[in-house]
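The following exercises concern a single protein chain. Please examine the sequence and the model before working through each solution.

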Amino acid sequence: MARLTLPPLPRQTGYQEVQIAAGTTQRPAWGGPLLPLARTGDRWAFDVSIPAMAAATCGAKVKLILAKGKINTVIMAIREPGSPDRDYGAPRVALGGQQGTSLNVAGLTPGVVIPDGKWMNLVIGGQHFLYLVDGEVTADVNGAAILKLWPMIRRSAPLNAPVRLADPVIEGFVTIEVGVSIKDFAHVGSAAVNFRIEEQE
């Protein structure tokens, strides 16, 4: 199984973030309060709507990658509008085997602020696991910090595993919702497509 990386998508592309819950909610048969039951394994999906783009540039390449994305994982960059560009250093896991919703990180730029709601990846064996930073935190003078994450860590990372704060991505399998729409206007090809990319675990 290969890892395929999508090229930059048109700026007009629309994204919808979807949390895939591993848990469930108990609904009492005779009324009463709802009871959420959390389980480790919540992950993310993105519903993506790509408008017509020039098939002669990135259209054909995108179509091919998406077609292969049912049996190969696809990596797609996540846009963070309004998020300032910062030098996060070379963050890494500072303690192996961590679980729950806290992650001890080292290798950050001293004093760098990691904003609340920032997307980040925990990279294990080359696979990107996607999380949100739950609460703003500032790295100390040694470049260390404890990040609160959402959802819970679903696979423990080894010591020194990379933590990706700059240029986060989602990695997973692709489902094409409708199909690729091909148009030819004045001999200029274009392609539009809607798809979902969902983390594999």
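**Exercise 1.** How many bridges join strand β11 to strand β13, and in which direction do the two strands run?

*Solution.* The model is predicted, so that local features need pLDDT of at least 70 and side-chain atom pairs count only at pLDDT 80 or more, whereas totals for chains, interfaces and linings use all residues. Residues are numbered from 1 along each chain as its sequence is written, and side-chain values use heavy atoms, with hydrogens and water left out.

Step 1. Strands are DSSP runs of E with at least two residues, and helices are runs of H or I with at least four, numbered from the N terminus. Two strands pair if DSSP finds at least two bridges between them.

Step 2. Strands β11 (residues 127-133) and β13 (residues 145-150) are joined by 2 bridges and run antiparallel. Val133 has Leu149 in β13 as its bridge partner.

Step 3. The open sheet has 6 strands, ordered β7-β8-β13-β11-β10-β14, with antiparallel pairing. Because β7 (89-93) and β14 (163-164) each have a single partner strand, they stand at the edges, and one side of each is left without a neighbour in the sheet.

**Exercise 2.** Identify the residues that touch the most other members of the largest nonpolar core.

*Solution.* Step 1. A nonpolar core is a set of buried Ala, Val, Leu, Ile, Met, Phe, Trp, Tyr and Cys residues joined through side-chain atoms within 4.5 Å. Buried means under 20% relative accessible area, exposed over 50%, and partly exposed in between (1.4 Å probe, protein chains only).

Step 2. The largest core contains 23 residues, and Leu103, Leu108, Ile114, Met120, Leu122, Val163 and Leu165 touch the most other members. At least two residues of this core come from each of β8 (102-108), β10 (119-124), β11 and β13.

Step 3. Beyond its neighbours within four places in sequence, Met120 is in contact (heavy atoms within 4.5 Å) with residues including Leu103, Phe129, Val133, Leu149 and Val163.

**Exercise 3.** Is Lys68 buried or partly exposed?

*Solution.* Step 1. Lys68 belongs to helix α1 (residues 55-68).

Step 2. The relative accessible area of Lys68 is 38%, which makes Lys68 partly exposed.

Step 3. The C-alpha atoms of Lys68 and Val174 are separated by 8.3 Å, although the two residues are 106 residues apart along the chain.
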